[in-house]
Amino acid sequence: MPADPLRWLDDELTALDVAELRRRRTVREGPQGAGPICWNGRNLVNFGSNDYLGLAAGGGRRAVLQTIERAGWGSGASPLVTGRGAVHDALERALARFEGTQAALLFSSGYAANLSTIAALAGKGDAVYLDAKNHASIIDGCRLSGARMEVYRHGDVAFLQRRLARRDDVRRRLIVTDSLFSMDGDFAPLADLAELAERHDAMLMVDEAHATGVFGPSGRGLCEEFGVETGVHVRVGTLSKALGSMGGFVAGSAPLIEWLVNRARSYVFSTAPPETLAAAALDALDVVINEPERRANLRRRAAMLRAGLQNQGWNTALSTSQIVPVILGDPGRTMDLARILQDRGLLVPGIRPPAVPPGECLLRISLSYLHSDRDIQRLLDALADQAGRRPG
């Protein structure tokens with residue numbers, strides 16, 4: 001009997017077990033929400049979701065059902081064949097108005113948007129400059145592009161300036177960053193990046209995935225919050241976090257979007273997402289525009305949680321957002337604490353490499369508008385017991 005060419009997998013999986021790095025899938029029953037949700041058969045208050053504005057459970061249900069009646073479910077083809085429907089078009093127009101740009105383009109996911117946009121803007125003979133803590137989709141897009149990758153230390157503008165100032169023979173330069181970093185919950189130095197991009201004639205691309213709907217006077221994100229929108233040439237967002245649906249988008253100039261229509265491979269070669277997802281996102285966009293109290297309450301509760309954790313002595317890094325890490329370092333300690341919190345009825349995911357660098361394992365607390373002050377206090381009480389002392 002021939003040897004199994006996959007026999008090496010058993011040893012590799014065992015090594016992941018020993019290092020406390022093996023991931024196992026779970027099952028959620030019922031809708032997404034703050035909770036309690038049924039997760040692996042247990043009812044837990046949910047601090048693990050990116051449902052920042054509490055819209056994932058189906059605020060746009062009526063619009064979705066109407067769209068199914070009118071357009072069916074599957075799109076059937078790529079957007080450039082027969083897959084692009086009237087609701088896709090309406091959402092792209094609405095996103096462009098919302099973002100204050102000439103145009104916008106829908107993708108099947110935020111990952112696909114980053115992957116294809118970077119590869120369409122940069123290639124061999126070009127240089128891309130990326131923050132060391134950017135999302136995996138940005139890193140993979142830079143790798144796929146074939147451009148020379150210049151990774152700068154997290155938030156280190158002086159380091160990036162030195163890299164940009166080198167007299168390199170490159171055709172084009174692209175700086176790409178998350179605006180709100182998804183694990184540490186801190187912000188990119190967007191004003192500095194915009195200034196560097198202008199000084200060095202570089203394109204600036206900003207992924208607002210975790211900031212759209214949460215920051216900015218109108219909810220457009222941190223580019224709006226910091227007043228740098230005119231200095232950002234490419235804005236990426238997602239429909240799957242604060243907007244509670246599925247998909248990603250790019251907003252920018254009309255020539256940019258026209259180029260992506262022709263060169264963004266995940267757009268050209270993927271079946272269009274169902275129009276129902278676009279309908280849900282359109283409804284959610286109305287909530288972002290018309291209910292600013294959702295993001296105001298979310299940010300207030302995040303400040304309450306951070307203050308409580310810091311008072312207990314936990315390391316919350318530089319978080320200034322609805323994403324609040326508890327930095328623990330060791331994967332075993334991280335997963336032990338996550339299990340203890342589950343026993344207290346609280347779902348707080350433990351994050352380990354490769355999602356974070358070695359030695360930076362953490363609990364990732366993700367807040368939603370649906371969390372109550374009581375939920376926050378319950379989590380603080382549970383963590384205070386583990387910190388060995390209670391505040392005050």
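# Cavities, pockets and sheets

The largest cavity here comes in at about 100 Å³. A cavity is a set of points, on a 1 Å grid over the protein atoms alone, where a 1.4 Å probe fits but cannot get out, while a pocket is an open set with protein on both sides within 12 Å along at least five of seven lines; lining residues have an atom within 4 Å of a point. Volumes are the space filled by probe spheres set on the points, with grid points joined across faces, edges and corners.

Keep in mind that this is a predicted model, where local features need pLDDT of at least 70 and side-chain atom pairs count only at pLDDT 80 or more, while totals for chains, interfaces and linings use all residues. Residues are numbered from 1 along each chain as its sequence is written, and side-chain values use heavy atoms, leaving out hydrogens and water.

**Cavities**

- Searching the whole structure turns up 2 cavities of 30 Å³ or more.
- Around the largest cavity sit 14 lining residues, and the ones nearest its centre are Pro79, Leu106, Tyr267, Ala272 and Pro273.
- At least two lining residues each come from helix H3 (79-83), helix H4 (86-99), strand S4 (103-107) and helix H11 (265-268); helices (H or I, at least four residues) and strands (E, at least two) are DSSP runs, numbered from the N terminus.
- By class, that lining splits into 6 nonpolar, 6 polar and 2 charged residues. Ala, Val, Leu, Ile, Met, Phe, Trp, Tyr, Cys and Pro count as nonpolar, Asp, Glu, Lys and Arg as charged, and the others, Gly among them, as polar.
- The second largest cavity holds about 40 Å³, and its lining includes Leu91, Phe107, Leu239, Met246 and Leu277.
- Leu106 and Pro273 turn up again in the lining of this second cavity, having been listed among the residues nearest the centre of the largest one.
- S4 and helix H12 (275-290) each put at least two residues into the second cavity's lining, which has 8 nonpolar residues, 1 polar and no charged ones.

**Pockets**

- The largest pocket has a volume of about 1100 Å³. Its lining runs to 38 residues, with Thr26, Trp39, Pro349, Gly350 and Ile351 nearest the centre.
- Helix H1 (8-18), S2, H14 and strand S13 (350-351) each give at least two residues to that lining, and H14 gives the most, with 4.
- The class breakdown for the largest pocket is 14 nonpolar, 12 polar and 12 charged.

**The mixed sheet**

- Four strands make an open sheet with mixed pairing, in the order S1-S2-S3-S12; two strands pair if DSSP finds at least two bridges between them.
- Strand S1 (28-29) and strand S12 (346-347) are the edge strands, each pairing on one side only.
- S2 (residues 37-39) and S3 (residues 42-46) run antiparallel and are joined by 3 bridges, with Ile37 bridged to Leu44 in S3.
- Helix H14 (residues 331-343) lies across S2, S3 and S12, at about 110° to S3. Angles run from 0 to 180 degrees between N-to-C directions, the axes being lines fitted to C-alpha atoms, for helices over the stretch in contact; contact means heavy atoms within 4.5 Å.

**The antiparallel sheet**

- S11, S14 and S13, in that order, form an open sheet of 3 strands with antiparallel pairing.
- Strand S11 (323-329) and S13 sit at the edges with a single partner strand each, so one side of each has no neighbour in the sheet.
- S11 pairs with S14 over 6 bridges in the antiparallel sense, and Ile323 has Ser366 in S14 as its bridge partner.
- Helix H13 (residues 293-312) packs on this sheet, touching S11 and S14, and its direction makes about 25° with that of S11.

**A parallel pair**

- S5 (residues 127-131) and S6 (residues 148-152) pair in parallel over 5 bridges; Leu130 stands opposite Val151 in S6.
- From S5 the chain crosses through helix H6 (residues 136-145) to S6, a right-handed β-α-β crossover (with the strands pointing away from the viewer, the path from the first strand over the helix to the second runs clockwise).

- Pro353 and Pro354 are joined by a cis peptide bond, with omega about 10°. Pro354 is in the loop between S13 and strand S14 (361-366).
- Glu20, in the loop between H1 and S1, has a positive phi near 60° despite not being glycine.
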